[in-house]
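This report looks at open space in a protein model and at the strands and helices around that space. Please read it with the structure in view.

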Amino acid sequence: METAMHTTTAKKVLSVRPVGTRAVLAELDGLQDVLALQDMLYKSPLPGQVDVLAAAETVMVVGESAAATRAIGARLLELELTVPEVTDSGLVVIDTVYDGDDLADVAELTGLSVDGVIAAHTGQVWTVAFAGFAPGFGYMVGENEVLTVPRRSSPRTAVPAGSVALGGQYSAVYPRRSPG
């Protein structure tokens, strides 16, 4: 009699690079691993951990000293990433007027009608995965990838505050007028 054994490889940090003497940058396989590591570090901070800053495929961890940071870097490579628990951190509803210059282009890129784009955007919960680009600019991920569109080939020099954007797998609301 044969016994089938299935082994799954635990998700791990791919590499760790120093960022000066008091921070390390953990490189991961994608956003899901970033969210998993960020969740783990928030819930169970490593000894000497001062701050955690997430991005699309990296997490920077700041330490209280050079020695603590070296230890954090070594520990990050040992961690087995686990799927973060879904928590109810409160739903924020953002009233949106869908009348932007790119709405027809998004419809064409996704194969949806304009009404279909609006329904796809309003019909799912968007979660801020990380912040960046400008203060208050949250990169949000949706529950599906139906609205994944390429970034514009040429950025706009000024996007009005309050504009809703799509780029790649992310959506965002511009907190102030800025290029984008």
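The largest pocket holds about 1,400 Å³ of space. This is a predicted model, where local features need pLDDT of at least 70 and side-chain atom pairs count only at pLDDT 80 or more, while totals for chains, interfaces and linings use all residues. Residues are numbered from 1 along each chain as its sequence is written, and side-chain values use heavy atoms, without hydrogens and water.

A pocket is found on a 1 Å grid over the protein atoms alone: it is an open set of points where a 1.4 Å probe fits, with protein on both sides within 12 Å along at least five of seven lines, and lining residues have an atom within 4 Å of a point. Grid points are joined across faces, edges and corners, and the volume is the space filled by probe spheres set on them.

The lining of the largest pocket has 41 residues, and Val 125, Trp 126, Thr 127, Val 128 and Val 141 lie nearest the centre. Two or more lining residues come from each of α1, α4 (114–122), β5, β6, β7 and β8. Helices (H or I, at least four residues) and strands (E, at least two) are DSSP runs numbered from the N terminus. Helix α1 gives the most, with six residues.

The second largest pocket is lined by 38 residues, with Asp 102, Val 164, Ala 165, Leu 166 and Tyr 174 closest to its centre. Here α3 (103–110), α4, β7 and β8 each supply at least two lining residues.

Four strands make an open, antiparallel sheet in the order β5-β6-β8-β7. Its edge strands, β5 (127–131) and β7 (164–167), each pair on one side only. Two strands pair if DSSP finds at least two bridges between them. Strand β7 is joined to β8 (residues 170–173) by four bridges. Ala 165 has Ala 172 in β8 as its bridge partner.

Elsewhere, β4 (residues 58–63) pairs with β2 (residues 23–27) in the antiparallel sense over five bridges. Strand β3 (residues 49–54) is also antiparallel to β4, with five bridges. Three residues separate β3 and β4 in a hairpin.
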